Amino acid sequence: MVQSYFRETYAWGKGQWWGGFNGEFLVKPDRTDGLQRALFRFNAPVEIHSIWGAEIVSREGDSYTVKLAWWNQPNRDGLVTIGMSAKG
C-alpha cells in the first residue's frame, strides 16, 4: 500500500540523447517519520533503465512504485531527489 507521505512533485529532464534522457523527481514529504519505509507512486510513459536515490518496487504499465534509498534524506528546502535514466 502506498502511504501518503508526499504532497508535491516536480520533474524535469536534465539531459537528452538519442532515444533516452536523464531526469529527476523532486518530492516533498508531508512528514519525515518513517520516510524510508514510505512508497512513492508516479506515472511515467517511459522505460526506466536505472534509478538513484530510490529503488523500483513495482511497475504496472506506466505506473511505477518506488521506495526511497535509506540514505536519501530531505534537503534544507524539505525536498527529496530521485534521479533516473530512461528511454521513451
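## Exercises on a predicted model

At 6% relative accessibility, N72 counts as buried, because buried means under 20% relative accessible area, with exposed over 50% and partly exposed in between (1.4 Å probe, protein chains only). The structure is a predicted model, in which local features need pLDDT of at least 70, side-chain atom pairs count only at pLDDT 80 or more, and totals for chains, interfaces and linings use all residues. Residues are numbered from 1 along each chain as its sequence is written, and side-chain values use heavy atoms, with hydrogens and water left out.

### Exercise 1
Determine where N72 lies and what its side chain reaches.

**Solution.** 
1. Strands are DSSP runs (E, at least two residues), numbered from the N terminus; N72 is found in the loop between β6 and β7.
2. Its side chain reaches the backbone oxygen of T81 at 2.7 Å.
3. Contact means heavy atoms within 4.5 Å. Not counting residues up to four places away in sequence, N72 touches Q36, G53, V80, T81 and I82.

### Exercise 2

**Solution.** 
1. Two strands pair if DSSP finds at least two bridges between them.
2. Five bridges join β3 to β6 (residues 63-68), and F42 stands opposite Y64 in β6.
3. Six bridges join β5 to β6; the bridge partner of E55 in β6 is K67.
4. β5 and β6 form a hairpin with two residues between them, and G61 in the turn has a positive phi of about 65 degrees.

### Exercise 3
Describe the largest nonpolar core and the surroundings of F42.

**Solution.** 
1. A nonpolar core is a set of buried Ala, Val, Leu, Ile, Met, Phe, Trp, Tyr and Cys residues joined through side-chain atoms within 4.5 Å.
2. The largest such core has 17 residues, of which F40, F42, V46, I48, V66, I82 and A86 touch the most other members.
3. At least two residues of this core come from each of β2 (20-29), β3, β6 and β7 (80-87); β7 supplies the largest share, four residues.
4. Leaving aside neighbours within four places in sequence, F42 is in contact with F25, I48, D62, S63, Y64 and V66.

Terms used:
Polar contact = N/O pair within 3.5 Å; in protein donor to acceptor, adjacent residues only side chain to side chain.
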